[in-house]
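Here is a short briefing to read alongside the model. Please have the sequence and the 3D view open as you go.

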Amino acid sequence: MAIGDPKTGTAMKKELAALQKKRDAGNITAFQFRKQSNAIKKKYGEKPTPSNVSKIFNYISTKTPMDAIRDSGALKASPNSAKAKAAAKAAKNKAGLANRGRSQGGQKAGEAKKYASDKKKDVFKGLDLRKDSPKNNTSKKSSGKTWKDFKSVSAAQKAGLNYFTGSDGKKKIAITAEQLKKKGMSLRKYANSLKGKK
């Protein structure tokens, strides 16, 4: 008989069924059943089923401890990791969009945009939005960066800061002579205006 022959398959199934009956009757142990069933499978050219202990030892010998922790589900991404932050931001945006749609009573897309732009206008209400306003420079601070992180006037101004680190390492005011002329102020007067003095 050849391997894979239907007659061979039925003969193997009959032998395994007889072995199962012995096990169910309590004549052989689970270990003996597995050993004998593997011998039958080997006899008919099939791959034997490994025991749970063999599976565990095989896993341990081929995987690293970190793989085992990851596969078990015990290892979760840190809430401070970039992936976790991106996932949280996406979930928050999705929830925000869903809530906005419900709170507007299912408005049309154009009306939702109008609603969003109205909210933006309220945020800027009462602020001096002129480019040359010294108050405006402090309102748009960069995230987590201070004047110590910037080495030029233009970089500090782009970040919305009033100061930068000079080439000598000292704190300098982030304004050019041209900008002072446009404002009609001296450097001392501008510095005092930053500190809130008259």
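The notes below cover the overall fold, the salt bridges, a surface patch and the surroundings of one threonine.

This is a predicted model. The protein chain has 198 residues, of which 18% count as buried, and it is built from ten helices and two strands.

**Overall layout**
- Reading from the N terminus, the order of elements is α-α-α-α-α-α-α-α-β-β-α-α.
- Taking contacts between residues at least 6 apart in sequence, 23% join residues at least 24 apart.
- The chain exposes about 16000 Å², and carbon and sulfur atoms supply 57% of that area.

**Salt bridges**
- Side chains of opposite charge can pair when their charged atoms come close.
- The structure holds three salt bridges.
- One of them joins the side chains of Glu-15 and Lys-43, with 3.2 Å from N to O. Because Glu-15 sits in helix α1 (residues 6-25) and Lys-43 in helix α2 (residues 30-43), this pair ties together parts that are 28 residues apart in sequence.
- Within that pair, Glu-15 is partly exposed at 26% relative accessible area, while Lys-43 counts as exposed at 56%.
- Arg-23 and Asp-24 form another salt bridge, their closest N and O atoms lying 3.4 Å apart. Here Arg-23 is partly exposed, with a relative accessible area of 30%, and Asp-24 is exposed at 59%.
- Asp-168 and Lys-172 also form a salt bridge, with 3.5 Å between the closest N and O atoms. Both partners count as partly exposed: Lys-172 has 32% relative accessibility and Asp-168 has 46%.

**A nonpolar surface patch**
- Val-53, Ile-56, Phe-57 and Ile-60 make a nonpolar surface patch of about 430 Å².
- Val-53 belongs to helix α3, which covers residues 52-62.
- Val-53 has a relative accessible area of 51%, and it counts as exposed because the cut-off for that class is over 50%.

**Around Thr-165**
- Thr-165 is found in strand β1 (residues 163-165).
- Is Thr-165 buried or exposed? With a relative accessible area of 7%, Thr-165 is buried.
- A polar atom of the Thr-165 side chain lies 3.2 Å from the backbone oxygen of Trp-147.
- The backbone oxygen of Lys-148 is 3.4 Å from a polar atom of the Thr-165 side chain.
- Setting aside neighbours within four places in sequence, the contacts of Thr-165 are Trp-147, Lys-148, Phe-150, Lys-151 and Lys-170.

Technical notes. Residues are numbered from 1 along each chain as its sequence is written. This is a predicted model: local features need pLDDT of at least 70, side-chain atom pairs count only at pLDDT 80 or more; totals for chains, interfaces and linings use all residues. Side-chain values use heavy atoms; hydrogens and water are left out. Patches are made of residues with over 30% relative accessible area and no salt bridge: like charges are joined within 9 Å, nonpolar side chains (Val, Leu, Ile, Met, Phe, Trp, Tyr) within 5 Å. Accessible areas come from the Shrake-Rupley method with a 1.4 Å probe; for residues, only the protein chains shown count as cover. A salt bridge is a side-chain nitrogen of Lys or Arg within 4 Å of a carboxyl oxygen of Asp or Glu. Helices (H or I, at least four residues) and strands (E, at least two) are DSSP runs, numbered from the N terminus. Buried means under 20% relative accessible area, exposed over 50%, partly exposed in between (1.4 Å probe, protein chains only). A polar contact is a pair of N or O atoms within 3.5 Å; within protein, one must be able to donate a hydrogen and the other to accept it, and residues adjacent in sequence count only if both atoms are side-chain atoms. Contact means heavy atoms within 4.5 Å.
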